[in-house]
Amino acid sequence: MNAIVFFDPNCSGNSNIKGTIKIHQCSPKSPVLFHVNLTGLSKDTVHAIHVHEYGNLTKGCMSTGSHFNPTNETHGSYLYPKEPRHVGDLINNIQSSKKGVINYKFWDHLTSLSGPMSIVGRAIVIHEGKDDLGRGGLGPNGRVINKKVHKESLKTGNAGGRMACGIIGRDKSHHFT
């Protein structure tokens, strides 16, 4: 199964980001491979990347809803596998090169291209800021030191505004590169 997301500055926001994210899954129970190929980002910057619940761009990225979270978990990261995370949290952060390009592949074990965890028809959003991985407002010992920051961290990762987005659509292509 294959899916694809097109990023087009004319459709999705106030940025110059363009390109694709190709998505592949061998079978409904196998992990999902994401191949991010984007240009037009600021040079050498880190941005949060999430699946949002709606594939709706009528009001740009603002109409994509919240992070896709069918299991009603708190925001987290694959880096902390024993802790909960939204299905839509993906890899959390991507970093652009010194030329403002992202060409990166990663696997995700929570998403799917079919069934109740399906991301097809939803949206991928690139945020202005870095995702704090659900750790915002915590001190070095892991205890909450700023309740307001931590509360938002558990919802959004304090990732900032939405700068680019695209709808995840099925792709009949048999080639995945």
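Which residue does a disulfide join to Cys61? In this predicted model, the partner of Cys61 is Cys165, with an S to S distance of 2.2 Å. The structure holds 1 disulfide. Cys61 belongs to strand E5 and Cys165 to strand E9, so that the bond links distant parts of the chain, 104 residues apart. About the S-S bond of Cys61 and Cys165 the torsion is about -100°, and the disulfide is therefore left-handed. Both Cys61 and Cys165 are buried. Cys26, by contrast, counts as exposed, at 64% relative accessibility.

The largest nonpolar core was examined next. This core has 27 residues, of which Phe7, Ile21, Ile23, Phe34, Ile124 and Ile126 touch the most other members. At least two residues of the core come from each of strands E1 (2-7), E2 (18-25), E3 (32-39), E4 (46-52), E7 (102-108), E8 (123-127) and E9 (162-170). Strand E3 gives the most, with 4 residues. In soluble globular proteins, nonpolar side chains tend to be buried together.

Apart from neighbours within four places in sequence, Ile124 is in contact with Val5, Phe7, Ile21, Ile23, Phe34, Ile49, His50, Val51, Ala164, Cys165, Gly166 and Ile168. Cys165, one of these contacts, is also the disulfide partner of Cys61.

Salt bridges were considered last, and the count comes to 3. In one of them, Arg135 pairs with Glu83, the closest N and O atoms being 2.8 Å apart. Arg135 lies in the loop between E8 and helix H2 (147-156), whereas Glu83 lies in the loop between strand E5 (58-61) and strand E6 (92-95), so this pair ties together parts that are 52 residues apart in sequence. Arg135 is partly exposed, with a relative accessible area of 28%, and Glu83 is partly exposed as well, with a value of 40%.

A further salt bridge is formed by Asp108 and Arg85, with the closest N and O atoms 2.8 Å apart. This pair also links distant parts of the chain, as Asp108 is in strand E7 and Arg85 is in the loop between E5 and E6, 23 residues apart. Both Asp108 and Arg85 are buried.

The side chains of Glu152 and Lys155 meet in another salt bridge, at 3.8 Å from N to O. Glu152 and Lys155 are 3 residues apart in helix H2, and therefore separated by about one helical turn. Glu152 is partly exposed, having a relative accessible area of 30%.

Definitions and conventions. Residues are numbered from 1 along each chain as its sequence is written. This is a predicted model: local features need pLDDT of at least 70, side-chain atom pairs count only at pLDDT 80 or more; totals for chains, interfaces and linings use all residues. Side-chain values use heavy atoms; hydrogens and water are left out. A nonpolar core is a set of buried Ala, Val, Leu, Ile, Met, Phe, Trp, Tyr and Cys residues joined through side-chain atoms within 4.5 Å. Buried means under 20% relative accessible area, exposed over 50%, partly exposed in between (1.4 Å probe, protein chains only). Contact means heavy atoms within 4.5 Å. A salt bridge is a side-chain nitrogen of Lys or Arg within 4 Å of a carboxyl oxygen of Asp or Glu. A disulfide is a pair of cysteine sulfur atoms within 2.5 Å.
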